[in-house]
Amino acid sequence: MITLASDFGSPYPAAMKGVICSRSDARLVDVAHDLPRQDVRAAAFWLREVLPTFPPAVHLAVVDPGVGTDRAALVVEAGDHALVGPDNGVLLPAARELGDPTVHEIEIADPASATFHGRDVFAPAAAAVHGASAAELERTTRTAEWVDLRFPEATVGDGRATGEVLAVDGFGNAITNVPGRVAAERVGERLAVNGADAPVERTYAAVDAGERLVTVGSHGNVELAVNRGRGDEAFGVSVGDAATLAW
Amino acid sequence: MITLASDFGSPYPAAMKGVICSRSDARLVDVAHDLPRQDVRAAAFWLREVLPTFPPAVHLAVVDPGVGTDRAALVVEAGDHALVGPDNGVLLPAARELGDPTVHEIEIADPASATFHGRDVFAPAAAAVHGASAAELERTTRTAEWVDLRFPEATVGDGRATGEVLAVDGFGNAITNVPGRVAAERVGERLAVNGADAPVERTYAAVDAGERLVTVGSHGNVELAVNRGRGDEAFGVSVGDAATLAW
Amino acid sequence: MITLASDFGSPYPAAMKGVICSRSDARLVDVAHDLPRQDVRAAAFWLREVLPTFPPAVHLAVVDPGVGTDRAALVVEAGDHALVGPDNGVLLPAARELGDPTVHEIEIADPASATFHGRDVFAPAAAAVHGASAAELERTTRTAEWVDLRFPEATVGDGRATGEVLAVDGFGNAITNVPGRVAAERVGERLAVNGADAPVERTYAAVDAGERLVTVGSHGNVELAVNRGRGDEAFGVSVGDAATLAW
């Protein structure tokens with residue numbers, strides 16, 4: 001199985017699929033092709049959320065503002081998975097979630113374009129990795145120095161957790177890096193979120209439509225939400241903003 | 001085969017796919033993941049339109065504003081199909097179209113989250129139902145009382161049909177519940193739609209670009225349309241509005 | 001393999017998938033379903049870009065403003081591929097890229113609707129073509145007169161190339177019909193694009209974020225771009241506008 005993720009929108013992902021289908025019988029599963037454009041950090045966050053649900057697979061992930069520059073192309077082995085994509089950090093948070101990462105660099109032969117390495121470099125590499133043994137992978141790649149990317153950790157203290165908003169999903173839920181237990185232990189109580197009062201609930205529907213709540217999101221972190229509305233707007237936060245919870 | 005439908009946008013549907021792929025070799029086919037958000041009625045309408053085109057399959061459908069509350073999780077058997085989703089009516093109109101529905105309730109074991117039952121409850125259930133015999137399904141579920149959802153029927157009388165707009169598609173076509181024969185019998189004539197005059201045509205292109213028409217949509221109902229434009233705007237109607245046709 | 005492309009948005013493409021799955025075990029791969037609405041020319045452009053990456057397949061492509069009129073339904077054989085869609089030119093540029101096209105007309109039996117031939121005519125035809133031998137195809141179709149569509153060619157002269165913008169992609173890159181060599185031979189130099197100065201670069205990232213550049217796109221043509229921005233806006237061009245490059 002090869003999963004595909006990118007910020008390409010449409011119809012460029014189909015060119016990656018065509019290239020892979022021309023070289024491999026691997027089953028293809030789309031993860032997302034509307035990842036926030038050229039936002040390596042957001043892509044890394046969502047890959048970390050979603051890829052661990054998959055069985056062992058090759059995961060092609062191309063969010064690549066540096067396409068055509070001398071940034072390297074990587075294959076990261078982690079657990080029984082392999083991730084293929086540009087050397088800008090996008091693969092690493094998911095890889096660490098999947099296992100203990102080993103990072104390889106792929107030789108980039110003269111590609112057909114300098115502007116679409118998804119089609120010309122990474123899709124062929126994903127097809128090759130899918131068919132390759134670990135020994136072949138070792139033999140056809142080289143040692144890499146690579147760009148890392150780590151998400152900050154929240155501080156949980158006495159009466160206060162200090163973190164930040166890592167992502168906002170399409171529903172408007174603001175996903176923080178504050179561990180879910182901070183909310184899980186306080187269901188039914190109220191917290192001050194960046195100074196403003198909000199109830200802690202187990203489900204969105206526990207409050208009236210349009211009302212704010214603090215809950216534990218599906219990723220296991222504290223989420224700032226509105227039942228049938230947008231939490232990011234109601235709490236006035238965007239990605240990277242501080243999220244301080246006091247009780 | 002397992003089909004997937006939701007209002008999750010992106011990339012959450014990929015987590016459902018990952019979970020299913022981890023538990024089943026079933027072929028996956030996406031129906032839609034941009035169903036109108038948290039709009040159970042719209043989702044029920046579109047599932048009823050699309051699912052009958054499929055061969056026997058398990059249909060996972062998650063539009064679920066009540067996620068995490070005590071609403072039940074259902075498996076609805078209908079014909080040789082099975083539908084899996086929340087107990088809010090979303091599955092029933094499609095199920096009735098596919099056969100004579102039998103409704104089962106799935107035991108919801110302690111899920112990983114209270115906010116993403118698509119991943120933690122319904123995707124595992126769909127994988128299990130896909131592999132299960134009818135006897136196993138019977139044994140592992142329990143008798144259900146369930147929420148129904150039915151679309152209103154139009155009244156066709158002497159010189160007048162009175163119905164409502166059930167859905168508006170992405171082209172702007174306003175799909176009513178008035179039976180298509182009301183228009184099919186009057187192609188080439190003119191009708192008064194909510195008092196305003198419009199021609200009845202077999203195809204969009206029978207009128208000039210930008211012009212209104214009444215036609216029989218692909219669902220077999222009367223549709224209020226504009227050639228290369230939006231019928232909902234031209235006729236001034238939204239979902240739930242009355243659609244009265246007089247001749 | 002059957003690939004699917006349309007301007008249907010969602011969820012209508014699922015009805016085509018259901019119909020095909022009911023008649024064929026062919027593997028399905030989505031190309032795009034958000035092709036510019038009812039824009040035959042844009043669809044023809046993107047199909048020409050993407051379909052040649054695929055191995056031999058049946059390509060279903062439905063952008064069809066004339067649905068239900070007497071426009072014919074075509075199967076175009078080209079190389080080891082077959083393209084299925086309406087007779088409005090949309091299939092031809094891709095077909096010529098895939099091989100030497102032979103155009104057949106499909107008999108349109110009385111379809112279930114006059115408004116959704118994607119489901120009622122083209123999807124069944126694609127399933128039939130997928131399973132058919134060349135002889136069967138010959139026997140079940142008839143000689144066609146058909147609508148052609150060709151993209152204009154640019155003129156490259158002494159110190160000047162005169163072409164036009166063929167498409168704008170989702171990133172805002174304005175893709176011209178000027179051959180890529182015009183830019184490839186001048187990397188590091190500057191050109192006047194419709195009179196305005198811009199550098200020629202091999203990669204988007206060669207200029208600062210927000211800055212304009214001329215580059216060779218993945219399609220092999222000159223592209224007017226902005227690093228991390230929209231080239232169409234920065235160069236003030238839309239599809240069909242002239243693109244004159246002087247050096």
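**Interfaces and their surroundings**

Author: Chain C and chain B bury about 2,200 Å² between them, and 58% of that area lies on carbon and sulfur atoms. (Buried area is the accessible area, with a 1.4 Å probe, that two parts lose on being put together, summed over both.) Three residues, C:Pro11, C:Tyr12 and C:Thr115, supply 26% of what chain C buries against chain B, more than any other three residues.

Before going on, the ground rules. This is a predicted model: local features need pLDDT of at least 70 and side-chain atom pairs count only at pLDDT 80 or more, while totals for chains, interfaces and linings use all residues. Residues are numbered from 1 along each chain as its sequence is written, chains are lettered from A and ligands numbered from 1 in the order written, and side-chain values use heavy atoms, with hydrogens and water left out.

Back to chains C and B. Chain C brings 28 residues to the contact and chain B brings 25. (Contact means heavy atoms within 4.5 Å.) The salt-bridge count between chain C and chain B is 0. (A salt bridge is a side-chain nitrogen of Lys or Arg within 4 Å of a carboxyl oxygen of Asp or Glu.)

Now chain A with chain B. Here about 2,200 Å² is buried, 58% of it on carbon and sulfur atoms. Chain A has 25 residues in contact with 28 of chain B. Across the interface of chain A and chain B, the rule finds 0 salt bridges.

Salt bridges do occur in the model: over all chains the count comes to 33. One joins the side chains of B:Lys17 and B:Asp30, at 2.8 Å from N to O. This pair links distant parts of the chain, 13 residues apart: B:Lys17 is in helix H1 of chain B, and B:Asp30 is in strand E2 (residues 28–32) of chain B. (Helices, H or I with at least four residues, and strands, E with at least two, are DSSP runs numbered from the N terminus.)

Two packed helices are described by the angle between their axes and the distance between the axes. In chain C, helix H1 (residues 12–23) packs on helix H4 (residues 117–131) at an angle of about 40 degrees, with the axes 9 Å apart. (Axes are lines fitted to C-alpha atoms, for helices over the stretch in contact, and angles run from 0 to 180 degrees between N-to-C directions.) That makes H1(C) oblique to H4(C). (Under 35 degrees is roughly parallel, over 145 roughly antiparallel, 65 to 115 roughly perpendicular, and the rest oblique.) H1(C) passes H4(C) in a right-handed crossing. (Right-handed means the near helix is turned clockwise from the far one by less than a right angle; anticlockwise is left-handed.)

Which residues meet? From H1(C) come C:Ala15, C:Met16, C:Val19, C:Ile20 and C:Arg23; from H4(C) come C:Gly118, C:Arg119, C:Ala123, C:Pro124 and C:Ala127. They divide into 7 nonpolar, 1 polar and 2 charged. (Nonpolar covers Ala, Val, Leu, Ile, Met, Phe, Trp, Tyr, Cys and Pro; charged covers Asp, Glu, Lys and Arg; the others, Gly among them, are polar.)

Chain B next. The axes of H1(B) and H4(B) come within 9 Å and cross at roughly 40 degrees. The two are therefore oblique to each other. The crossing of H1(B) past H4(B) is right-handed. Its residues include B:Met16 and B:Ile20 of H1(B), and B:Ala123 and B:Pro124 of H4(B). By class there are 7 nonpolar, 1 polar and 2 charged.

In chain A, the axes of H1(A) and H4(A) come within 9 Å and cross at roughly 40 degrees. H1(A) and H4(A) are therefore oblique, and their crossing is right-handed.

Then the backbone. Most residues other than glycine have a negative phi, and most peptide bonds are trans. A cis peptide bond joins A:Ser10 and A:Pro11, with omega about 0 degrees. A:Pro11 lies in the loop between strand E1 (2–6) and H1 of chain A. In chain B, a cis bond joins B:Ser10 and B:Pro11, with omega about 0 degrees. B:Pro11 sits in the loop between E1 (2–6) and H1 of chain B. A:Asn194 is not a glycine, yet has a positive phi of about 50 degrees.

Last, A:Gln38, in the loop between strand E2 (28–32) and helix H2 (40–50) of chain A. Leaving out residues up to four places away in sequence, A:Gln38 touches A:Asp7, A:Val63, A:Pro65, C:Phe171 and C:Arg228.
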